[in-house]
Amino acid sequence: MIEKIDITDPRIAKEVLGIQIPSYKVEAELIRFEELPPLKDNVETLRDCGETFYGYYLGGELCGAIAIKREADIIDIHRLMVHPKHFRKGLAKELLRYIEGLAGRGCAIVVATGTQNAPAVSFYKQSGFAENEVFLVEERLSITSFKKRIR
């Protein structure tokens with residue numbers, strides 16, 4: 001079940017961190033960059049991020065989450081995370097579809113991930129996203145952005 005969650009609630013922010021840290025540790029290993037900003041978050045930074053969060057619950061347990069910022073007809077996915085023990089169960093796909101359902105016709109969805117994160121790059125391409133731009137954040141980190149227009 002997917003539902004909107006209140007990230008300003010410290011208990012929920014702590015639950016989200018329990019997914020975010022292990023999820024982004026996997027990405028950090030894949031792209032060989034340990035300084036990913038989501039790994040530096042804490043309850044306070046999550047509460048103050050200004051993103052809208054949706055959680056994926058299985059049997060009352062938060063197993064995945066997606067966080068967005070919406071501006072007019074553009075939804076920017078800031079975080080998409082699934083706890084590693086729930087990888088390959090389709091949770092990320094369901095979270096993404098949920099956001100696409102919120103978007104509505106004519107809306108664009110944008111997202112970015114580490115260029116070396118092959119599973120995420122493949123996931124977005126298979127989900128109908130087109131590669132938009134590749135940019136170098138620093139010598140050791142390249143980011144690829146994607147865009148999908150909802151028709």
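**How the terms apply to this chain**

Visitor: Why is C49 called buried in this predicted model?

Guide: C49 has a relative accessible area of 15%, and because buried means under 20%, the word applies to C49.

Visitor: What makes C63 buried?

Guide: The relative accessible area of C63 is 0%, and since the limit for the word is under 20%, C63 is called buried as well. Over the chain, buried residues make up 45% of the 151 residues.

Visitor: Why is the radius of gyration said to agree with a compact globule?

Guide: The rule takes 2.2 Å times the number of residues to the power 0.38, which for 151 residues gives a value near 15 Å, and the chain has 15 Å, so the two agree. Along its principal axes, the C-alpha trace spans about 35 × 35 × 30 Å.

Visitor: What elements make up the chain, and in which order do they run?

Guide: The chain has four helices and seven strands, and from the N terminus on they follow the order β-α-α-β-β-β-α-β-α-β-β. Where contacts join residues at least 6 apart in sequence, 60% of them link residues at least 24 apart.

Key. Residues are numbered from 1 along each chain as its sequence is written. This is a predicted model: local features need pLDDT of at least 70, side-chain atom pairs count only at pLDDT 80 or more; totals for chains, interfaces and linings use all residues. Side-chain values use heavy atoms; hydrogens and water are left out. Helices (H or I, at least four residues) and strands (E, at least two) are DSSP runs, numbered from the N terminus. Buried means under 20% relative accessible area, exposed over 50%, partly exposed in between (1.4 Å probe, protein chains only). Contact means heavy atoms within 4.5 Å.
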